[in-house]
Amino acid sequence: MARKINLRIWRGDSTNGGLQDVQVEANEGEVVLDVIHRVQATQMGDLAVRWNCKAGKCGSCSMEINGKPRLACMTQVASYGEDETITVTPLRAFPVIKDLVTDVSFNYQKAMEIPAYAPPADLKPGEARMEQVDVERSQEFRKCIECFLCQDTCHVIRDHEENKKSFAGPRFFIRIAELDMHPLDILKNRKRTAQEEHGLGMCNITKCCTEVCPEHIKITDNAIIPMKERVVDIKYDPARMFAGLLKREKRN
Amino acid sequence: MTNALERHKYDVLVIGAGGAGLRAAVEARESGLRVAIICKSLFGKAHTVMAEGGAAASMGNANSNDNWKVHFRDTMRGGKFLNHFRMAELHAKESPDRIWELEMWGALFDRTKEGKISQRNFGGHEYPRLAHVGDRTGLELIRTMQQKIVALQQADKREHGDYESHIKVFAELTITEILKESGKIAGAYGYWRESGSEVLFEAPTVIIATGGVGKTFKITSNSWEGTGDGHALALKAGANLVDMEFLQFHPTGMVWPPSVRGILVTESVRGEGGILTNNLGERFMFKYIPDVFKDKYADNEAEADRWYEDQDNNRRPPELLPRDEVARAINSEVKAGRGTEHGGVFLDVSKRLSAEVIKKRLPSMWHQFYELAGVDITKEPMEVGPTCHYVMGGVEVEPDTAAAVGVPGLYAAGEVAGGMHGSNRLGGNSLSDLLVFGRRAGMGAAAYVKQTTAAPVSDATIAAAAARIEAPFARSGGENSYSLHAELQEVTHNLVGIIRTGAELKDAIEKIAEIRKRSANVAVTGGRKFNPGFHLAFDLDNMLLVAESTAKSAIGREESRGGHTRDDFPGMDSGWRQYNHISSFDGTQVTVRKQELPFMPKELFDLFEVDELKKYMTPEEIAKGGSN
């Protein structure tokens, strides 16, 4: 059942590196992470790769396979042609640490900058009542496994390091949308800060993020577009503008 | 190396960033302390994300008859009465508050029609009890607590100008040693996985929350992190492990294709109505209802099917027996030649539920089978078989404070702690366990910090810890850690697995000792920078200690109970129920001794029917009727 496949692996670190060709056995049903592990155990003991659950649930083994951002544990070897070389490279949007491992600390920094869930002050534990249909909108975004493939593919930051400072990326737009749509969250200005502080306006809805999401979250349609529409409503609503003239809108 | 050594000082050092570790960190921080959280992977990737079914808590949202007493009884029954009664009691009493608290932190559980938290059925639980989010409850727990940590950091930023002034996550860092001075905890030593450079933490308290040991076995649902680090660190620091013979083989892991063998298939599939059949199409679980459970489980299909609609007037389907029973039954069917082509049995939910409902209630299962096995579970059955899933054994702790017995300043919570689940854990009890005892460990550590002074770590202690990390690089041409790991997994799988015998365990103990001897000569190729071969060398050392403890505990226990089945001693023995096995480490090897299990007080004893207790206890114990 086993056959030899050609694997091309990017090896190196922040100073230099390049692609290395290896031949490795692949068995029926194996995923790309399996063959990387086999290379590690038999040919390159120090080959660096992140992984945890190997079941598509933790989002650790993100890399680019033949140029596409993917989870290595959910990519079947058999999905490539028998003679096709499979090329694995680190995520391009983040600095390389070593081999297939990149420095994704950008994402953890952005996570810290998004204001936390804010329940009503008088809500007591156990007393929350929410309809299933209302929680489902936010639940879709809470499926996110933080693989950061959407961040990697997003062209606003993929080749534009300079944009990272002012752009949180799709993963954090769904985080903001999740809180904004949370039935009990009381923080009022989430859409506006998405626009003004986290770079929502820089997204031009090419849907690349949605395409690579392994959880099939409709990032663009269900999070980004509704927020963009509401931001427009808030900013250019004539009635609000008039009211704003009368009384400066409270910015909390 | 020591002159350039990176040093940090904290009040509390939490090793492990899964559910228990994060819950402990929140509690310690909220007590006003400075906390470091060490994670072996990236923040938010811990094995808790793999928990699927839910968190057990007797909130009574789905059935108002539920309360802590029923949950306590179910937990003790599931553990075959080897549980530490006080842990089971605290767990049953406090779980609902811990779930509601998560909701206050932003968790979004599925809802009932009244808008409360929905609760689902699970094996061994008398009522629908598991708070859940589809089949990704663990992810919801870890993300909620991750975001709670961030919320605390944001509060610190507002107050102290720095997100990390009081709580800092050290991601991708491995601890190799817990340090003591004058018999008390003084800190821990480790290395950054990224750079390989070494780090010293000085702290008067260490909370171990490192999870399980699954990677000791060949077929497991555990991720690479489950290498028993905390079990081994605790042993080496002078703590005890309790009942390491008890391992839970989850009855339903994937069996095909080989690369996914062992990956978990949630018990919710059975909770939602999935049935188990063999290659004859026979619904075989009816044959495997043990005497102790005869009055609670249906012995015919008609009644089992009616139970889904009317739980008050029918007994439960036997697919929902505790995990140890179901795993053994599947094992027997396969051994008798009634298994599937790939050595499993069939699990089918497609006949009872519509495709739409399956995709809604079991979305990640549908996805997992479709993507990895090419099986559409809305149309066809899954092939499943037992997989090493959870270790009931763990660090011996004081139930109320989670303090490790014998080591001042050391605490343990979650899977790494022992006692709570007895000989077998019920599904859903681990997520609630880590919340209840994670919090208690944080409280215990906070109380200890306030009445102790930290001892500085001596240069000699640091030098010894550093030398250990350097050693594998200094060798050349030594053993390969990947090969030794594979050999160990082969030994545990074949000789310390789901069914055991004295002769095989003896063989296993010798083989593990042999591998351990060779592991002292592991050499590492490449440099220190993100080098998995180097990382595995340390993980391997931990797994070897755990395997030794498990094999030695298993050979001593001459009975079958829960997650320990002896072919040569097939019966449950009420004499053995009175004892725990305590593992300790003398620096060269693990020794195991018997220790009397604390007996429950009258008020807990009286929660059970005497006729039920007679199945587990000796006449003398029954006559005593409680410890007070």
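**Figure 1. A three-stranded open sheet in chain B.** In this predicted model, chain B holds an open sheet of three strands, arranged in the order β4-β6-β5 and paired in antiparallel fashion. Strands β4 (55-56) and β5 (119-120) of chain B stand at the edges with a single partner strand each, so that one side of each is left without a neighbour in the sheet. Strand β6 of chain B, which covers residues 130-131, is joined to β4(B) by two bridges, and these two strands run antiparallel. Within this pairing, B:A55 has B:A131 of β6(B) as its bridge partner.

Figure 2. The buried residues of α5(B) are B:D229, B:G230, B:H231, B:A232, B:L233, B:A234 and B:L235. After α5(B) comes B:G238, for which phi is positive and near 100°.

**Figure 3. The largest nonpolar core and the surroundings of B:A412.** The largest nonpolar core has 256 residues, among which B:V14, B:I207, B:A412 and B:A413 touch the most other members. The element that gives the most to this core is helix α15 of chain B (residues 532-556), with 13 residues. When residues up to four places away in sequence are not counted, B:A412 touches B:I208, B:G230, B:A234, B:G394, B:V395, B:V397, B:A402, B:A404, B:A417 and B:A441. Two of the residues touched by B:A412, namely B:G230 and B:A234, also belong to the buried residues of α5(B). In soluble globular proteins, nonpolar side chains tend to be buried together.

**Figure 4. Domains 1 and 2 of chain B.** The domain assignment divides chain B into domain 1 (2-247 + 390-459), domain 2 (250-387) and domain 3 (462-573). Between domain 1 of chain B and domain 2 of chain B, the C-alpha centres lie 30 Å apart, and the contact takes 18 residues from domain 1 of chain B and 22 residues from domain 2 of chain B. On the side of domain 1 of chain B that touches domain 2 of chain B, the residues divide into four nonpolar, ten polar and four charged.

**Figure 5. Domains 1 and 2 of chain A.** For chain A, the domain assignment gives domain 1 (3-102) and domain 2 (105-246), with C-alpha centres that lie 31 Å apart. Twelve residues of domain 1 of chain A are in contact with 13 residues of domain 2 of chain A, and the residues on the domain 1 side of this contact divide into seven nonpolar, three polar and two charged.

Figure 6. The secondary structure of chain A comes to ten helices and seven strands, and the C-alpha trace of chain A spans about 75 × 40 × 30 Å along its principal axes. Chain A has 252 residues, of which 46% count as buried. Of the contacts in chain A with a separation of 6 or more, 63% are accounted for by residues 24 or more positions apart. For chain B the mean pLDDT is 95, with 100% of its residues reaching 70 or more, while the predictor gives the complex an ipTM of 0.92 and a pTM of 0.94.

Definitions and conventions
Residues are numbered from 1 along each chain as its sequence is written. Chains are lettered from A and ligands numbered from 1 in the order in which they are written. This is a predicted model: local features need pLDDT of at least 70, side-chain atom pairs count only at pLDDT 80 or more; totals for chains, interfaces and linings use all residues. A nonpolar core is a set of buried Ala, Val, Leu, Ile, Met, Phe, Trp, Tyr and Cys residues joined through C-beta atoms within 7 Å. A residue is buried if 20 or more other C-beta atoms lie within 10 Å of its own, exposed if 12 or fewer, and partly exposed in between; C-beta atoms are placed from the backbone. Helices (H or I, at least four residues) and strands (E, at least two) are DSSP runs, numbered from the N terminus. Two residues are in contact if their C-beta atoms, placed from the backbone, lie within 7 Å. Domain bounds come from an automatic or database domain assignment. Ala, Val, Leu, Ile, Met, Phe, Trp, Tyr, Cys and Pro count as nonpolar, Asp, Glu, Lys and Arg as charged, and the others, Gly among them, as polar. pLDDT is the predictor's confidence in each residue, from 0 to 100. Two strands pair if DSSP finds at least two bridges between them.
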